[in-house]
Amino acid sequence: MVINFAAGPAKLPEEVLKEVQQELTDYNNTGMSIMEMSHRGSVYLKINEDAMKSCRELLKVPENYKILLMQGGGSGQFAAVCMNLMGKTGSADYAVTGTWSWKAYKEAQKYGNANLVFPKPENFTTIPPQNEWKLNPNASYLYYCDNETVDGVEFNFVPETNGIPLVCDMSSNFMSRSIDVSKFGLIFAGAQKNVGPAGVTVIIVREDMIGNAMKITPSVFDYMDVAKNNSVSNTPPTFIIYIMSRVFEWLKRNDGVEGMSKLAQKKSQLIYGTINKSNGFYTCPVDEQYRSRMNLPFRISGGDEALEKEFLQKAEKAGMVQLKGHRSVGGIRASLYNAISFENTETLNKFMNEFYEGKKLS
Ligand SMILES: *Cc1c(COP(=O)(O)O)cnc(C)c1O
């Protein structure tokens, strides 16, 4: 086994993979695999329901919110959010703090007036203070990305909007800390970063947000349609949802999102501590207060590509894989999602320290 620090699709709890393996050819004495079952049959429908129930329980989702399971990934939601919500006033506000919120903003321009609440920063290394945000009181919603996977920028506050509904992309820090769902109009998250394999996206939406979809909205992207049909209006990715529901069970066994929150704090502090103590050998460009607990980007010796290549090769030899930074940012990126244990993080930390010591001496 290797330690997989990928940004997504990412490491899944080994326990869950083993369970899935055990049940692969014969689920619960049905004599067949989940993959082969009707999505309208009682066995699958229970899995679908359990997945949504667990999600509600883990995040303490209030009764007046729907939980939807959809396809099309996080990127699909960039469009779905607009088609469902933007028609209300024809405009929406976007806070762009990184690569993914930028993409969402670009997509939104197809559907109406998408406005930036602050100019696009040249580098995504911080979050402008809220008093510099120019909010449009007529916006249908304010959109932001809670954790920028590529750039390693994570919010440590929930934006104040004076009543404008908040729409948040939580794809890469979903279920890694407690949230007050009632502060949001809509939250979405692709499963493949923190809660499952690629193929399903979880949407948590306040009921009163639903019902203003544009006429052009495809039915499979229409929140009303999906909600009415309990997320089985068409064939859902049954096997993926089953695995996600097993990850939810695993989360419950591990103190839920509070447990993950403590763990994420501990893991990320360990690595950032090593970066900070390295006398500039390792550097993270992100403002300390907005450094992501999930995706930790860093450079070595001011961005020495030969050295970074050596780091990645040696890491791989030592069983640590997928540490390469996103192609747009370069360098190294360690993703410490829920399934990465503290021990896994300690292994990386030890390796980083040894690599640094070795270079200091040579
Ligand atoms: C990965 C990611 C996306 C895009 O997800 P896809 O499923 O590939 O469309 C969107 N937002 C964030 C924050 C992500 O990390």
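Why are Asp-50 and Lys-46 separated by about one helical turn? Asp-50 and Lys-46 are four residues apart in helix H2, and the separation is therefore about one helical turn.

## Basis of the description

The structure is a predicted model, in which local features need pLDDT of at least 70 and side-chain atom pairs count only at pLDDT 80 or more, while totals for chains, interfaces and linings use all residues. Residues are numbered from 1 along each chain as its sequence is written, and side-chain values use heavy atoms, with hydrogens and water left out.

## Domain organisation

The protein is divided into domain 1 (14–253) and domain 2 (255–361), with bounds that come from an automatic or database domain assignment. The centres of the two domains, taken over C-alpha atoms, are separated by 27 Å. Domain 1 contributes 29 residues to the contact and domain 2 contributes 25 residues, contact meaning heavy atoms within 4.5 Å.

## The seven-stranded sheet

Seven strands form an open sheet with mixed pairing, in the order E2-E10-E9-E8-E5-E3-E4. Helices (H or I, at least four residues) and strands (E, at least two) are DSSP runs numbered from the N terminus, and two strands pair if DSSP finds at least two bridges between them. Strand E2 (65–70) and strand E4 (113–116) stand at the edges; each has a single partner strand, so one side of each is left without a neighbour in the sheet. On average, neighbouring strands of this sheet are turned by 20° against each other, direction ignored.

Within the sheet, strand E9 (residues 186–190) pairs with strand E10 (residues 201–206) in the antiparallel sense over five bridges. Val-202 in E10 is the bridge partner of Ala-189. Helix H2 (residues 42–58) lies across E2 and E10 and runs at about 130° to E2; axes are lines fitted to C-alpha atoms, for helices over the stretch in contact, and angles run from 0 to 180 degrees between N-to-C directions. The salt bridge between the side chains of Asp-50 and Lys-46 spans 2.8 Å, N to O.

## The three-stranded sheet

An open sheet of three strands has the order E11-E12-E14 and antiparallel pairing. Strand E11 (282–283) and strand E14 (332–335) are its edge strands, each pairing on one side only. E12 and E14 run antiparallel and are joined by four bridges, and Phe-298 stands opposite Ile-332 in E14. Helix H8 packs on the sheet, where H8 touches E11, E12 and E14, and its direction makes about 130° with that of E12.

## The interface between the domains

The size of an interface is often given as the accessible area lost when the parts come together. Domain 1 and domain 2 bury about 2,200 Å² between them, with 50% of it on carbon and sulfur atoms; buried area is the accessible area (1.4 Å probe) that two parts lose on being put together, summed over both.

Two salt bridges are counted between domain 1 and domain 2, a salt bridge being a side-chain nitrogen of Lys or Arg within 4 Å of a carboxyl oxygen of Asp or Glu. Arg-293 forms a salt bridge with Glu-154, with the closest N and O atoms 2.8 Å apart. Strand E6 (147–148), strand E7 (153–154) and helix H6 (238–253) each supply at least two residues of the side of domain 1 that touches domain 2. The largest share of that side, four residues, comes from H6. In the whole structure, a search finds 20 salt bridges.

## Local backbone features

Gly-8 and Pro-9 are joined by a cis peptide bond, with omega about -10°. Pro-9 is found in the loop between strand E1 (3–4) and helix H1 (14–23). Ser-301, a residue other than glycine, has a positive phi near 50°. The place of Ser-301 is in the loop between strand E12 (295–300) and helix H8 (305–317).
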